[in-house]
Amino acid sequence: KKGERKMRRTSVPVVFTLAALAGLLWGYSHTTTRLGFKTIASFGFLWTAWVSRGESQSVFSRYLIAGLLLAFVGDTFLVFDGHTVFMAGLVAFLGGHIATAVALYNYGGPLDQLWIVVSGLFVITCDVVIFRWLTPYLPTDTRVAIVVFTFVVSVVIINASGMYGGGRHLFGESGFSQQKALLTATYLLSLSYLFVARQQFVERSFINAIIGLPLYYSGQLLIALNVTRPEERIQPLVVMATTSATASTAASSSATNHHSVSWRDVHVNGKPLGCSGPSSADATLRRASTLRGYPKTFGSSVVASKINDRPRASSVHGYPEKK
């Protein structure tokens, strides 16, 4: 139910962003209309990220949102024509992608070396082909900035590829929708930049906007919808399961000593656990053990060990600090 409520909350800013994108394409030929609708559309993916973030305070979430904020600034600059504002927008987007790279680095989990090598070869090949096409049109004073920007974007793609590959081996193909979304987002954004470059240096045409802008906003929305790591979303349930198992052990021990224990006296984060007995604790453990990244084993020690393996888990949601 909580996931459904969150989906309903994020659907509002997503629809808001897509409606603003339609208005942007409709009024693209007028600078004032373009500025208004593009500002609204970019605010939409910031709104989506804020709703999706919830109470997350992780480095991953903070840097992803910082990247989206810098993208918002870059979008404002790119509304206007001229070399100076284009370079200002390029610097903003460069900072945004550096923030995204830092966020992916702090995601946690293994990086698959094969995916890094394959994606690296693919990205380098694409970069060479793109530069052979674009170099004749680039002003001399812009080439270094474009090379640096392309390098940072390539690093983000390779990092996202390695993260996705590592997640597949660790958690399974079906369990890693977030990594797929982030990897897809990096490719969508990269494709959209080709149309920005075509508009700026090669040929000014509405076709650049009608293809590039949907690619761009689709990528930013995918990032905005995935600013919280999976373990942050499931952590309260896992801690609840561990607490339930502990309470179950205490209840068994107390029953032996002819003392009664009220399961509703067990509290997590100041709220009653609501278990009616050991069977409820077992059911809670079953729900926790089938979530993303957790083994399908019904035991408090297994769930607790999985929590202890995560460096940030021991200090959140009331779980005692790891000694």
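This is a predicted model: local features need pLDDT of at least 70, side-chain atom pairs count only at pLDDT 80 or more; totals for chains, interfaces and linings use all residues.

Visitor: How are helix 3 and helix 4 oriented to each other?

Guide: Helix 3 covers residues 59-78 and helix 4 covers residues 83-105. Their axes come within 8 Å and cross at roughly 170°. Angles over 145 degrees count as roughly antiparallel. The crossing angle therefore makes helix 3, relative to helix 4, roughly antiparallel.

Visitor: What is the handedness of the crossing of helix 3 and helix 4, and how many residues of their contact are charged?

Guide: The crossing of helix 3 and helix 4 is left-handed. The residues of that contact include 18 nonpolar and six polar ones. The number of charged residues in the contact is one.

Visitor: At what angle do the axes of helix 4 and helix 7 cross?

Guide: The axes of helix 4 and helix 7 come within 13 Å of each other. Their crossing is left-handed. The two helices are therefore roughly antiparallel, and the crossing angle is roughly 170°.

Visitor: Which residues lie closest to the centre of the largest cavity?

Guide: Searching the whole structure gives two cavities of 30 Å³ or more, and the largest has a volume of about 120 Å³. It is lined by 14 residues. Helix 3, helix 4, helix 7 and helix 8 are the elements that give two or more residues to this lining. The residues closest to the centre of the largest cavity are His97, Thr100, Leu189, Gln220 and Ile223.

Visitor: How many charged residues are in the lining of the largest cavity?

Guide: By class, eight residues of the lining of the largest cavity are nonpolar and six are polar. The count of charged residues there is none.

Visitor: Which element gives the largest share of the lining of the second largest cavity?

Guide: The second largest cavity holds about 40 Å³ of space, and its lining consists of Leu64, Thr100, Leu104, Ala160, Leu182, Ala185, Thr186 and Ile223. Two or more of these residues come from each of helix 4 and helix 7. By class, the lining divides into six nonpolar, two polar and no charged residues. The largest share, three residues, comes from helix 7.

Visitor: Which element supplies the largest share of the lining of the second largest pocket?

Guide: The second largest pocket has a volume of about 920 Å³. Of its 43 lining residues, Ser192, Tyr193, Leu194, Val196 and Ala197 lie nearest the centre. At least two lining residues come from each of helix 2 (31-53), helix 3, helix 4, helix 5 (113-134), helix 6 (143-171), helix 7 (177-202) and helix 8 (206-224). The largest share, 12 residues, comes from helix 7.

Visitor: How many residues in the lining of the second largest pocket are charged?

Guide: The lining of the second largest pocket has 28 nonpolar and nine polar residues. Its charged residues number six.

Visitor: How many residues apart in sequence are the parts that Arg204 and Asp81 tie together?

Guide: The whole structure has two salt bridges, and one of them joins the side chains of Arg204 and Asp81 at 2.8 Å, N to O. Arg204 is in the loop between helix 7 and helix 8, and Asp81 is in the loop between helix 3 and helix 4. The pair therefore ties together parts whose separation in sequence is 123 residues.

Technical notes
Residues are numbered from 1 along each chain as its sequence is written. Side-chain values use heavy atoms; hydrogens and water are left out. Axes are lines fitted to C-alpha atoms, for helices over the stretch in contact, and angles run from 0 to 180 degrees between N-to-C directions. Helices (H or I, at least four residues) and strands (E, at least two) are DSSP runs, numbered from the N terminus. Angles under 35 degrees count as roughly parallel, over 145 as roughly antiparallel, 65 to 115 as roughly perpendicular and the rest as oblique. A crossing is left-handed if the near helix is turned anticlockwise from the far one by less than a right angle, and right-handed if clockwise. Ala, Val, Leu, Ile, Met, Phe, Trp, Tyr, Cys and Pro count as nonpolar, Asp, Glu, Lys and Arg as charged, and the others, Gly among them, as polar. On a 1 Å grid over the protein atoms alone, a cavity is a set of points where a 1.4 Å probe fits but cannot get out, and a pocket is an open set with protein on both sides within 12 Å along at least five of seven lines; lining residues have an atom within 4 Å of a point. Grid points are joined across faces, edges and corners, and a volume is the space filled by probe spheres set on the points. A salt bridge is a side-chain nitrogen of Lys or Arg within 4 Å of a carboxyl oxygen of Asp or Glu.
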